[in-house]
Every structure is written in C-alpha cells, then in structure tokens.
Amino acid sequence: MRRMRVLALVLALTMALTALTACGSSGKGNSGKDNTAANNTTNAANSNEATNNNSGSEEKDTITALLPPVSGNFQSMFAEMEKEFSALYPNLTLKIEPASWEDITQKLDTQVNAGSPPDIAFIGSDGISKYLQQNMLMDLTDTVTPEMVNDYDKTPLEYMKRGDGLYGFPAYMEVHALGGNREFLEQAGIDWKNVQQNGWTFEEFREAIKKGVVKEGDKTSRYGFVFATAGVTGKDYLNILIKNAGMPAPFDKDLKFAYTSKNYLEVLKAVRMLIDDGSMPKELSSVDAGKRWNMFLTGQTMITGKGLATFENNANQNNEKIKANDGSAVTGSIPVEYIVLPVPTFLGEEPISSTVVDGYVTFRGKKEPTPEHKANVVKAAYFLASGKVAAMTNNDLFAAHITESGREAAKSMDINRNPDNVAAVEKLLSHANPPRPDIPSDLGAKAIKLEDEVIVPKLQALLANEITPEDMYEAVKAAAIKAFGEDGIVKD
Amino acid sequence: MSQLAKVPSTTKVARKRKWRGDNGWGYAFIAVALVVFAMFTAYPVVSAFIISFQEYRPLGSVFIGFENYVNTFSDALFWKSIRNTIVYTVLTVPFTLFLSFAVAILILPLKKRTQTAFKAIYYLPAVASGVALSVVWLWIFDPMPSGILNKLLHVFGLSNMNWLGASSTAMFSLVLMAWLSSHGTSIIIYLAALLGIDESYYEAADLDGANFLKKLWYIVIPFLKPTTLFLLVTGVIGSFQVFQNAYLMTGGGPDNATTMVGLLIFNNAFKYFEFGKAAAQSLILAAIIASISFIQFKFFGKNIEY
C-alpha cells in the first residue's frame with residue numbers, strides 16, 4: 001500500500017514538474033526544439049555579457065528575427081537567407097522565427113512585455129512609438145556605418161527615426177493609392193493616363209465614380225468605388241483622404257492635434273456624400289479588405305482602395321489562372337487590367353501621398369545589450385533590408401527599391417509591370433508624406449489611442465449613416481481637447 | 001509536574017503519527033495541485049492586484065496609487081462596455097437556459113441511442129474552434145445582398161441589412177450567434193439532471209392524473225433548481241467575460257456598440273500596453289461578477305435541495 005502511495009506521489013510530482021518545466025522554459029542552452037526567439041535573445045545577450053571583457057567582433061553570436069510573410073515567396077527564402085548570412089559572417093547565426101500577419105503583433109507584444117523580444121522584428125514604422133514608450137527598442141545611431149546609411153533613400157530611412165534615434169532599417173516605402181479596372185474606366189470615359197500624371201480633385205473624382213455605377217433595375221450590379229473600411233482597414237480610408245486635405249500628420253508643425261481643423265469636417269462630409277450618391281455601397285462599413293478585392297476582381301466595382309503596387313501582381317496572377325481555366329481563380333472573376341490611380345485632393349490642397357514604410361525594427365531585452373551584440377544585430381538587420389534580400393522581396397511586392405544595393409541586385413531580375421503604373425507610383429512617391437520624427441512618442445501613442453477609441457468607431461457610425469459628419473467632428477474635437485488640452489489642438 | 005510534561009509529548013507523538021498517516025499523504029497529494037494553483041491562479045491574481053497600482057513597464061514599473069482606478073471610473077468607454085456586457089448577458093443567458101432546458105426535455109423521452117446522437121449533435125459546436133465558427137458566422141452576416149441571412153430577408157421581400165456594421169443590428173447579431181451556437185454543455189447537464197429524477201415521482205403524478213405541464217411545474221422544475229442555478233451562475237460569469245465573439249466579429253464596433261468589458265481590457269493591455277489600467281479593470285470586473293453571483297445565490301439559492 002505504502003509503495004503504491006509513493007509511486008502515485010512520484011508520478012503526480014513528475015507530471016506537475018513536466019508541466020511547470022514546459023511552461024517555464026528559460027531557454028538555457030542553444031539547442032533543442034523549444035528554442036524560441038525570446039530564449040535565443042537571452043542566450044545571445046547572456047553569451048555576449050559573459051564574454052564582454054575579452055570578446056572581439058569575431059565572437060560567436062546568435063541574432064533572432066521574427067518575420068511575417070512580407071511577400072508571397074518571403075518565408076520560403078528563410079533557410080537560404082540564414083545560410084547566406086552565415087556565409088557572410090561565419091561567427092554569426094541568424095535565426096528566423098516565422099510568424100503569420102495575424103499573430104505577429106501578439107507574439108511580439110508578448111515577448112516585449114516579458115522583457116525578452118527578438119533582436120529584430122518586421123513591423124510598420126508607425127509601431128515604433130509604441131515600443132519606444134516601453135524603452136524596448138535598440139537605438140542604432142552609434143552603431144550604423146556611413147556606408148549603410150548612404151545606401152538608403154533619405155525619406156524611408158527617416159521613417160525609422162524618432163527624435164535623434166534610429167530604430168531599424170526600412171524594407172520598402174509603399175504608396176497608398178487607388179486601383180482601377182482599365183476597361184471600366186474607359187467605358188466611363190475617364191482619361192486614366194491623365195489622372196495618373198496630373199491627379200484629380202474630389203469634385204472630379206465624385207463625378208467620375210458616378211459614371212462607373214451600373215444598375216440592373218433597383219439593384220446596383222457595379223459600384224463606382226469600394227474602399228475596405230471594416231476590421232484592420234478601418235483607419236486607412238480616412239487617413240488616406242485627409243493627407244490630401246492639408247493634414248499630412250496627426251500633428252501640425254507646432255505639435256498641435258490637426259484633426260480638429262475645419263478641413264477635417266469637409267472630408268467627413270465628402271465621405272458621406274459618396275455613399276449618398278450611390279457610388280459606394282451603403283454597407284461600406286462592413287466591407288473588409290478581402291471582400292472589396294473580391295468585388296474588384298468580380299467586376300462589382302470600377303475603382304477600389306486602398307491600392308498597393310502588389311495588387312497589380314495579384315490581378316495579373318488571377319488573369320493567368322482565368323486564361324488557363326485554372327480552378328483556383330477567384331470564383332466569378334473576370335480578367336482585370338489593374339491601373340494605379342491617385343487619391344483625390346480636397347479644398348485646393350496640394351497632393352500628399354499616404355505612404356507606408358515597413359521594416360526591420362531592432363529590439364533590446366531587459367539587460368543592456370553589449371556593443372558587440374548591437375553591432376551584430378545591425379549587420380543582420382542591414383542584411384535583411386538591403387541588397388539581394390530587399391531586391392527579391394520588393395520585386396515580389398512590385399514595390400519601389402529604396403536602397404542602392406537593392407536596385408543594383410534587382411537589375412538582373414525580371415519583373416512584368418505596366419510601365420504606366422510604374423510611372424504613376426513614381427509620381428506619387430515624388431510627393432510622399434514626409435516623416436515626422438519630431439512627434440514625441442507619448443504624443444504619438446495618445447493620437448493612436450484617440451484614433452482607435454474615437455475616430456474609427458465614429459467613422460463606422462458615419463459610414464452606417466447613424467451619425468452626421470458634424471457629430472463625428474464634434475466627438476473627435478471633444479476627445480482631442482480631453483487628450484491634448486484646449487491649446488493642444490488646431491483651431492481654424 | 002512530570003505528568004504535565006508528558007501531556008504535550010503524547011500530543012506531539014499523536015500529531016506526528018497522524019501526519020505520517022493518512023493526513024500526511026493527503027497533504028502530499030494536494031500539494032501538487034496547490035503548487036499549480038498558487039503559481040497559475042493565485043500568483044497572477046496577486047500580481048494583477050499589484051500591477052493595478054502601477055504604470056507597468058517591462059524595464060521597471062512605477063507606483064501610481066489609485067490612478068488606474070480613478071481613470072477607469074471616469075472613462076465613458078468603460079461604462080459603455082459594462083452596459084453592453086449587461087445587455088448581452090440579459091439577452092443571452094436566460095434564453096440559452098430556456099432553450100437548453102426545452103431541448104433536454106425533448107430529448108429525454110427518446111431511446112438511449114437517439115439521445116446520444118442528439119447530445120453529440122448539440123455538443124459539436126463546443127468542440128469546433130471559435131475562430132472557425134466566427135468565420136462561418138461572418139459569411140452568414142455578409143452585408144451584401146449575396147449574404148445568406150440577407151438572401152433569407154429577400155425571400156420575405158425585405159431589403160438587406162448591414163448586420164455587423166450598424167449599431168442597431170450589431171449587438172443583436174452577436175446575441176443571435178450566442179442563441180444558436182452554444183447550448184451543448186447546458187443540454188448535457190440538464191439531461192443528466194433530468195435522468196436523475198426518480199421515476200416514482202412521475203408514476204405518483206400519473207396516478208393523481210397530472211398532465212405534462214403539471215409534472216413539469218411540480219416535479220421537473222423544482223428538482224432542476226440546483227442545476228438551473230449552477231448554469232445561471234456560470235452562464236452569467238461566462239457572459240461577463242465574453243471576448244472572442246466581439247473581437248472576431250465586430251472588433252467592438254460600430255461606434256463601440258459591441259465593445260464588451262473583456263475586449264476593452266484586452267485592448268488596454270495588448271494594444272496600448274496599459275497593463276495597470278487593464279489590471280484595475282479586470283479586478284473591477286471580478287468584483288462585479290462576484291457581487292452578481294452573490295445576489296444570484298442569495299435570491300435563487302433559497303429552497304434548493306441538493
């Protein structure tokens with residue numbers, strides 16, 4: 001009996017210890033299947049720390065990176081990228097942890113808040129403020145070499161800065177545009193080539209999309225314009241429009257909150273007008289990114305937004321599938337020639353293209369990283385964000401190259417793009433939204449929260465015709481006064 | 001003197017024996033569960049309590065007193081989320097109980113094999129991933145005329161609805177989802193309780209000439225009172241903690257019409273890294289749930305026969 005009890009107790013303890021060990025893996029040792037990015041970071045930092053006194057740049061080190069599927073072929077290149085990095089720096093190991101777009105933020109946030117993030121993570125430059133506020137980013141200013149800095153176009157690199165600090169390298173700078181179906185545009189009598197080069201005003205755009213509407217009795221079989229506004233795309237719609245209405249950033253040059261300007265109200269009125277005209281669906285607030293792309297490919301809309309350069313590639317691939325009678329083509333889709341179009345301008349303001357700069361942001365753990373480890377992280381981040389890797393990724397995305405080394409490497413790669421679209425994107429990039437590293441991270445974080453808690457929910461209500469543009473404007477103004485004070489907002 | 005000295009020594013020996021005997025083994029066995037409970041339940045709760053008084057930072061938090069609580073109580077969105085959660089709870093829990101009870105009553109007279117088949121059918125959604133179910137429901141609630149629910153409306157000559165995109169229908173859509181997809185566990189619990197009622201009560205009622213409704217009212221409902229109380233309390237607790245549906249289906253919108261308190265806590269913690277505020281809101285939520293559970297036991301727990 002006693003033996004049985006001892007045996008049962010031993011078994012119970014073994015089970016409990018196994019569970020606890022699995023939960024609390026501290027990542028000691030560099031091998032094993034459960035070697036997460038966070039653990040590796042700690043290992044790397046620890047190993048550097050241990051050899052701090054006698055280490056040179058040739059010491060062995062592991063750099064961890066958490067990367068999503070940036071482009072279609074990106075994640076399939078990981079093994080090759082790790083191998084090439086090791087060949088370039090034999091003492092260094094680049095360990096890439098793949099993540100999906102859906103869970104990368106959650107994975108990264110968990111690791112950051114546990115104090116053990118990966119050395120490098122691929123995120124949008126607008127996320128820098130959030131992690132900087134946590135003091136979890138690694139400032140590369142004193143570690144980057146002039147050769148590295150000079151390799152980059154100035155504007156995208158500026159997006160990775162906050163104040164005087166540089167917190168990573170950009171991978172690409174994409175412009176947020178609109179996308180049109182060439183056949184439908186021409187049917188509606190729209191001179192798209194002229195629009196690509198000279199832009200259009202809101203009034204011209206409004207009339208153009210009215211012509212794109214096709215009705216069958218009471219039912220609209222084709223809309224003039226459909227923009228994704230549900231889910232994560234909710235904030236994009238307004239953000240893209242207001243940049244062309246004299247509000248390129250949430251704060252003006254005096255760091256006053258800009259979305260209390262009267263121009264903001266005019267844009268809100270315009271948003272409502274396009275739905276009331278019948279040019280956009282009244283269910284717009286529930287149209288997500290997947291739905292509107294489906295509507296575009298199945299001929300249910302003439303113009304869609306937001307449009308990225310890579311959409312031309314997606315449309316071309318679907319066209320090929322239709323041609324080959326491949327069953328994996330989008331159900332009910334028609335051949336579409338994708339045309340890049342600019343976002344209309346408002347109230348006579350200058351066009352300012354909304355841009356997205358994503359890149360390889362560098363993180364630090366709870367312990368101060370050693371200079372050697374920092375230098376190694378810079379090498380890895382630069383390796384990922386320049387040269388052959390950048391060229392392949394950006395070609396895959398149809399995105400413009402932003403490094404000299406990337407341009408050079410891309411020369412030998414084939415790409416099938418509509419030259420008119422290439423010219424249109426270049427034109428849009430010529431008036432890209434300038435970066436604002438002067439906006440303090442706490443102010444930036446407050447603006448993001450206001451956007452999430454007030455602007456996006458009110459926009460949803462505006463799109464659903466539950467509140468008026470004036471109601472929304474007043475709600476945003478009230479929230480802005482609460483967040484930034486009476487003197488912290490634009491009054492015009 | 002020597003006798004007095006012997007007394008504690010005997011007690012000590014007895015205690016020692018007791019400890020070495022069954023009591024010791026008992027403590028040894030529950031120690032494992034106790035350690036796991038302390039690490040994964042008690043420690044996080046204590047930790048959340050401490051964090052609720054801090055501005056949390058991975059590299060060193062700052063003590064800020066009651067600021068997180070003050071900010072929470074003055075936050076209109078927090079009160080809106082509480083109101084939304086109450087509305088959701090009031091609309092879902094009683095209906096779910098009623099439906100589960102009704103289905104269990106309908107299944108009860110069937111043959112054992114058929115009963116098992118129905119139990120499996122009703123329990124199936126509980127096994128399926130919530131994310132997968134949400135995707136199916138997003139398809140059902142498609143706002144365009146091609147959406148399944150909208151097609152149904154067209155049959156009756158009604159125009160299509162923006163189910164998840166309009167404040168007037170978004171909450172109802174989430175409630176409808178709860179009404180139609182989460183009864184498996186309750187049905188099985190009700191059925192087990194129904195099978196536990198002794199046949200002699202029904203036989204006696206038959207002899208007295210009681211019809212179905214009388215048997216239901218005088219036998220079934222009183223005997224199922226403990227089960228109903230259990231399902232009511234756990235249902236309310238679960239409903240107050242609801243997060244997944246709002247997160248996946250509406251994201252809390254439109255205009256925060258479906259922002260539940262669970263979603264708000266999640267957003268504060270993992271979207272804005274305001275762990276202190278999120279911890280304070282979690283503790284307030286825990287206090288609300290505890291108060292409601294206490295009231296439920298106080299009012300519905302009377303005359304319950306266990």
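Visitor: How many helices and strands are there in chain B?

Guide: Chain B has 15 helices and two strands, where helices (H or I, at least four residues) and strands (E, at least two) are DSSP runs numbered from the N terminus. This is a predicted model, in which local features need pLDDT of at least 70, side-chain atom pairs count only at pLDDT 80 or more, and totals for chains, interfaces and linings use all residues. Residues are numbered from 1 along each chain as its sequence is written, while chains are lettered from A and ligands numbered from 1 in the order in which they are written.

Visitor: What makes chain B more spread out than a compact globule?

Guide: The radius of gyration, taken over C-alpha atoms, is set against a globule rule of 2.2 Å times the number of residues to the power 0.38. For the 306 residues of chain B that rule gives 19 Å, and the value for the chain is 26 Å, well over it, so chain B is more spread out than a compact globule. Its C-alpha atoms fill a box of roughly 100 × 70 × 35 Å, taken along the principal axes.

Visitor: Which domains does the assignment give for chain B, and how far apart do their C-alpha centres lie?

Guide: Domain bounds here come from an automatic or database domain assignment, and for chain B it gives domain 1 (2-51) and domain 2 (73-300). The C-alpha centres of these two domains of chain B lie 41 Å apart. From a record, the unreviewed UniProt entry, comes the feature "domain: ABC transmembrane type-1" at residues 82-296 of chain B, a span that is 76% helix and 0% strand.

Visitor: What share of chain B is called buried?

Guide: A residue is buried if 20 or more other C-beta atoms lie within 10 Å of its own, exposed if 12 or fewer, and partly exposed in between, with C-beta atoms placed from the backbone. By that test, buried residues make up 28% of the 306 residues in chain B.

Visitor: Which residues have the most contacts inside the largest nonpolar core?

Guide: A nonpolar core is a set of buried Ala, Val, Leu, Ile, Met, Phe, Trp, Tyr and Cys residues joined through C-beta atoms within 7 Å. The largest one has 167 residues, and those with the most contacts inside it are A65(A), L137(A), F225(A), Y360(A), A380(A) and A381(A). Its largest share, nine residues, comes from helix 19 (residues 441-463) of chain A.

Visitor: What is F225(A) in contact with, leaving aside its neighbours within four places in sequence?

Guide: Two residues are in contact if their C-beta atoms, placed from the backbone, lie within 7 Å, and on that basis the partners of F225(A) beyond those neighbours include I209(A), L274(A), M280(A) and I303(A).

Visitor: How many residues does each chain bring to the contact between chain B and chain A?

Guide: The contact takes 26 residues from chain B and 29 residues from chain A. On the side of chain B that touches chain A, the largest share, six residues, comes from helix 2 of chain B. That side divides into 17 nonpolar, six polar and three charged residues, where Ala, Val, Leu, Ile, Met, Phe, Trp, Tyr, Cys and Pro count as nonpolar, Asp, Glu, Lys and Arg as charged, and the others, Gly among them, as polar.

Visitor: Which domains is chain A divided into?

Guide: Chain A is divided into domain 1 (59-174 + 357-430) and domain 2 (175-354 + 439-488), whose C-alpha centres lie 28 Å apart.

Key: UniProt positions are given in the numbering used here, feature names are shortened, and annotations may be inferred rather than shown by experiment.
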